[in-house]
Amino acid sequence: MDPILIFICIIVGGILTSIGVHLMPVGGAPAAMGTATGVATGVNMLSTGAAMTGLFTASTVAMVTSNIWLVSLSGAVGSMLMLAFTMLSGTLIYTQGTGIVPVSGRVTKDPITGRDFLSYKTPQTDGHGTPDVSFLSGEIGAFLGGFGGALIFYSLVFYAGFNIALSGIAALGIFLANAVLSAYNIGGTIEGFHDPKFKLLPRALLACFVASLICASFIYIVAYALPIGGI
Amino acid sequence: MITITIAIIAWILLIAFIALIAGTFEDLESDVGSQSNPNSQVQLAAQVGYINRFFNKAISGEPPAYGLYCAVSAGIAVVFLGQGYSPILAIPLGAGIAAIVHMLLASTAYMGRTASQRRFEQPMYLDVLIRQLLPIATHGFIAVIGITTICYIQAYIMPGVLQSAFPMPLLGLIWGITIGSIGSSVGDVHYGTEREFQDRPFGEGKRVVYHGRITRYSECGVRNQNDVVYFCAKYGGPITGLAFGLILLFENWRSLLGFSLGGSPEMAIAISIGIGIVIAVALFFINYALVGYVRKRYGTFVGE
């Protein structure tokens with residue numbers, strides 16, 4: 001049973017990671033100049049930073065309980081809090097340090113709060129800051145990404161029998177593989193679920209499914225086949 | 001039980017304060033060494049004819065760079081701790097060796113980057129290289145020693161259930177990546193949007209036509225990165241530190257509150273998850289209110 005659960009957890013974790021990365025509002029280098037909407041860093045950088053906080057929380061919780069939902073949800077909430085504080089601090093800099101109103105460059109009106117964007121946007125830019133819809137999308141994305149990362153970590157600790165440190169490093173590696181694949185699909189910047197690029201998600205899900213399957217196979221070999229001399 | 005709770009609260013507050021200092025200096029180091037997303041403009045500047053005296057060491061993103069420095073520092077510190085050294089000696093020794101690694105990367109990155117821009121006639125200023133290396137190392141040292149101290153507290157000192165299951169070097173990697181991610185996301189905006197384009201109109205996103213045309217003069221003569229740090233230390237750096245400090249504070253606080261309120265461990269964790277979700281929802285509304293306030297205060301775009 002455990003080998004099947006390893007495959008299921010790692011593949012589901014990888015797919016959740018990919019969905020989460022697509023939901024995070026990331027503006028890359030242009031956002032650091034207020035030329036693009038989103039958080040001013042790269043997709044993998046942001047998602048990995050958030051996942052690390054989630055992984056830390058999940059590892060602490062895994063010492064107390066072996067409940068898969070509690071460990072995974074703890075990682076998800078840790079990741080969500082990290083991104084929420086980061087986005088809020090970014091808004092503080094945009095609004096109070098540079099005098100810029102956060103707006104989207106892809107839609108004219110906020111799909112959640114109905115706020116108008118067009119009349120607040122600087123010409124020749126692709127939006128700036130983190131508007132309400134992107135903030136919400138980012139929180140959901142970090143939640144899913146953190147859940148995925150913690151789920152992978154859980155399967156390595158409780159199903160593969162790795163020690164905590166090795167599980168942390170391996171979970172980080174599998175998370176990064178999925179995050180980088182998703183980043184290639186996004187191609188630099190994305191604002192959240194309202195961005196037209198979000199429709200490219202199925203392509204990334206397929207790629208992440210294959211990548212996670214390969215990762216799970218290696219984990220299976222290391223955890224089961226090697227110790228009994230199967231190879 | 002009360003004594004243990006008070007001890008945990010004391011350590012949580014200390015960790016949050018150290019995180020504030022470390023986050024601030026991490027961002028200021030990326031400003032003094034120009035290692036972040038805004039550095040794309042420094043690289044572009046020479047290509048559009050803007051010969052400049054900015055330092056240029058963005059050979060990797062901040063998260064992997066700080067993951068490296070902090071993991072090196074925590075790893076060295078663990079070795080010294082294993083030899084029986086006191087933490088007061090072991091942690092600075094680890095951070096010191098990480099600072100040497102940092103300076104090596106910074107110097108080769110600057111020379112390599114600038115040499116590759118020869119076709120754009122960008123000179124390599126030796127005074128920029130020599131004068132900036134020490135500020136880069138010292139700012140980085142403070143950030144790394146802060147993270148290493150946090151790792152030490154979480155791995156060895158933190159009482160009860162909040163003690164980390166990860167070994168100290170892995171904690172160094174985790175918090176190094178996280179602090180790099182936050183510094184890269186938050187403080188960069190002040191450097192990139194405001195400081196690099198101080199001669200452009202205030203209160204608007206920087207248009208694509210401005211890209212690469214960075215300001216090269218400042219308050220005190222020919223510009224160097226010390227002026228950048230002086231500027232960013234007033235707002236961008238502290239806000240970055242605040243973000244990292246708040247993350248660690250609320251992450252630990254919700255766990256502590258959960259374990260104080262819940263009976264069984266499962267119930268305690270469920271409560272801490274619930275508190276985390278409430279905080280995240282509250283942050284959304286704070287952001288909503290802040291954006292609403294500035295929309296009313298600044299009004300619609302009035303430029304050309």
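Predicted model: local features only at pLDDT ≥ 70, side-chain atom pairs only at ≥ 80, totals over all residues.
**Close-up 1. Helix H4 of chain A along its length.** Here you can follow H4(A) through its 30 residues. From the first C-alpha to the last, the helix reaches 43 Å, close to the 44 Å expected at 1.5 Å a residue. Most of H4(A) is covered, with 25 of its 30 residues buried.

**Close-up 2. Helices H3 and H4 of chain A crossing each other.** H3 takes in residues 43–62 of chain A, and H4 takes in residues 68–97. Their axes come within 7 Å and cross at roughly 145°, and the crossing of H3(A) past H4(A) is right-handed. To find the contact on H3(A), look for residues including A:Gly49, A:Ala50, A:Gly54, A:Phe56 and A:Val61. On H4(A), the residues in the contact include A:Leu70, A:Ser74, A:Gly75, A:Gly78 and A:Met82. Sorted by class, the residues of this contact are 12 nonpolar and 8 polar, with no charged ones.

**Close-up 3. The two assigned domains of chain B.** Now we move to chain B, where the domain assignment gives domain 1 as 2–256 and domain 2 as 262–304. The C-alpha centres of domain 1 and domain 2 of chain B lie 26 Å apart.

**Close-up 4. Where domain 1 of chain B meets domain 2 of chain B.** In this view, 6 residues of domain 1 are in contact with 7 residues of domain 2.

Technical notes. Residues numbered from 1 in each chain as written. Chains lettered and ligands numbered in written order. Axes fitted to C-alpha atoms, helices over the stretch in contact; angles between N-to-C directions. Helix = DSSP H or I, 4+ residues; strand = E, 2+ residues; numbered from the N terminus. Left-handed = near helix turned anticlockwise from the far one by under 90°. Contact = placed C-beta atoms within 7 Å. Nonpolar A, V, L, I, M, F, W, Y, C, P; charged D, E, K, R; others polar. Domains from an automatic or database assignment. Expected span 1.5 Å × (residues − 1). Buried ≥ 20, exposed ≤ 12 C-beta atoms within 10 Å, placed from the backbone.
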